[in-house]
Amino acid sequence: MKCLVTGSNVKVLGKAVHSLSRIGDELYLEPLEDGLSLRTVNSSRSAYACFLFAPLFFQQYQAATPGQDQLRCKILMKSFLSVFRSLAMLEKTVEKCCISLNDRSSRLVVQLHCKYGVRKTHNLSFQDCESLQAVFDPALCPHVLRAPARVLVEAVLPFPPALAEVTLGIGHGRRVILRSYQEEEADSAIKAMVTEMSIGEEDFQQLQAQEGVAITFCLRNSGGS
């Protein structure tokens, strides 16, 4: 496998890696005919995320060389993230990024071509693996909320950075309510501060849920880069 990313797309790739790193500790990389797939899952296998970069995203894209079996691998997320650690650096200094997968040496090679002829080469160890897929039946998921990422990112901004969990629910008038989650302690006289955000149904592309439905999720894995 070999692919070449140029221009502003290098930062786009970096932002995708930052997003995936908020969920899992391992990155599953799979070159497919319809694009390069980057996937991850959290340790409890309750959250899964996938980015598929189509061949048109790359200046050059080759899923496999002729006669070569299709490769797939997993690497430590922190190793791959270290290549794209600084998004500002990617935007200002990196002109192109070449990624190649060599099964003979068991190395994923990421080379950054920077200004003034500087090249930074990262040789990352990987392990062969099976394809990572989220297996679920949409018919068994009666509640659907779909909105632009910008809406959801702005909705969680008012919450304190140290807050671990947030409860999302459907309130009166079909408004989506995000509220800081707080364990109730009957013997405690101290009232903790509660943050609440309300979003109208018109801001969602799809809102299929009944009033009173609520779910608590980890806020630290929901932020954007």
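1. Contact is used in this note for heavy atoms within 4.5 Å. Axes are lines fitted to C-alpha atoms, for helices over the stretch in contact, and the angles between N-to-C directions run from 0 to 180 degrees. Helices (H or I, at least four residues) and strands (E, at least two) are DSSP runs, numbered from the N terminus. With these terms, helix α1, made of residues 9–21, lies across β1 (2–6) and β7, and runs at about 110° to β1.

2. The model is a predicted one, in which local features need pLDDT of at least 70 and side-chain atom pairs count only at pLDDT 80 or more, whereas totals for chains, interfaces and linings use all residues. Residues are numbered from 1 along each chain as its sequence is written, and side-chain values use heavy atoms, with hydrogens and water left out.

3. On the overall layout, the protein has four helices and 16 strands, and its C-alpha trace spans about 65 × 40 × 35 Å along the principal axes. The domain assignment, whose bounds come from an automatic or database source, gives domain 1 (2–128) and domain 2 (138–218). The C-alpha centres of domain 1 and domain 2 are 33 Å apart. Of the contacts with a separation of 6 or more, 60% are between residues 24 or more positions apart.

4. A residue is called buried under 20% relative accessible area, exposed over 50%, and partly exposed in between (1.4 Å probe, protein chains only). Buried residues make up 35% of the 225 residues in the protein.

5. The sheet that includes β1 and β7 deserves a careful look, with strands taken as paired if DSSP finds at least two bridges between them. It is an open sheet of five strands in the order β5-β1-β7-β8-β9, and the pairing is antiparallel. Strands β5 (60–62) and β9 (119–125) stand at the edges with a single partner strand each, so one side of each has no neighbour in the sheet. Neighbouring strands of this sheet are turned by 15° against each other on average, direction ignored.

6. Within that sheet, five bridges join β1 to β7 in the antiparallel sense, and Cys-3 has Ile-99 of β7 as its bridge partner. Strand β7 (residues 94–102) is in turn joined to strand β8 (residues 107–114) by eight bridges, again running antiparallel. Val-94 stands opposite Cys-114 in β8, while Lys-96 stands opposite His-113 in β8. The two strands β7 and β8 form a hairpin with four residues between them, and Ser-106 in the turn has a positive phi of about 55°.

7. Another hairpin is made by β3 and β4. Strand β3 (residues 35–41) pairs with strand β4 (residues 48–53) in the antiparallel sense over six bridges, and Leu-36 stands opposite Phe-53 in β4. Six residues lie between the strands of this hairpin, where Arg-45 takes a positive phi near 55°.

8. What salt bridges does Glu-30 form, and with which residues? Side chains of opposite charge can pair when their charged atoms come close. The cut-off here is a side-chain nitrogen of Lys or Arg within 4 Å of a carboxyl oxygen of Asp or Glu, and the structure holds seven salt bridges. Glu-30 meets the side chain of Arg-39 in a salt bridge at 3.1 Å, N to O, and both residues are buried. Glu-30 also forms a salt bridge with Arg-72, with the closest N and O atoms 3.3 Å apart. Glu-30 lies in strand β2 (residues 26–32) and Arg-72 in the loop between β5 and β6 (73–76), so this pair ties together parts that are 42 residues apart in sequence. Glu-30 counts as buried because its relative accessibility is 7%, whereas Arg-72, at 25%, is partly exposed.

9. A further salt bridge joins Arg-174 and Glu-201, whose closest N and O atoms are 3.4 Å apart. Arg-174 lies in the loop between β12 (165–170) and β13 (176–180), and Glu-201 in the loop between β14 (196–199) and β15 (206–208), so the pair ties together parts that are 27 residues apart in sequence. Arg-174 is partly exposed with a relative accessible area of 27%, and Glu-201 is partly exposed at 33%. Returning to Glu-30, salt bridges that share partners join Glu-30, Arg-39 and Arg-72 into one network.
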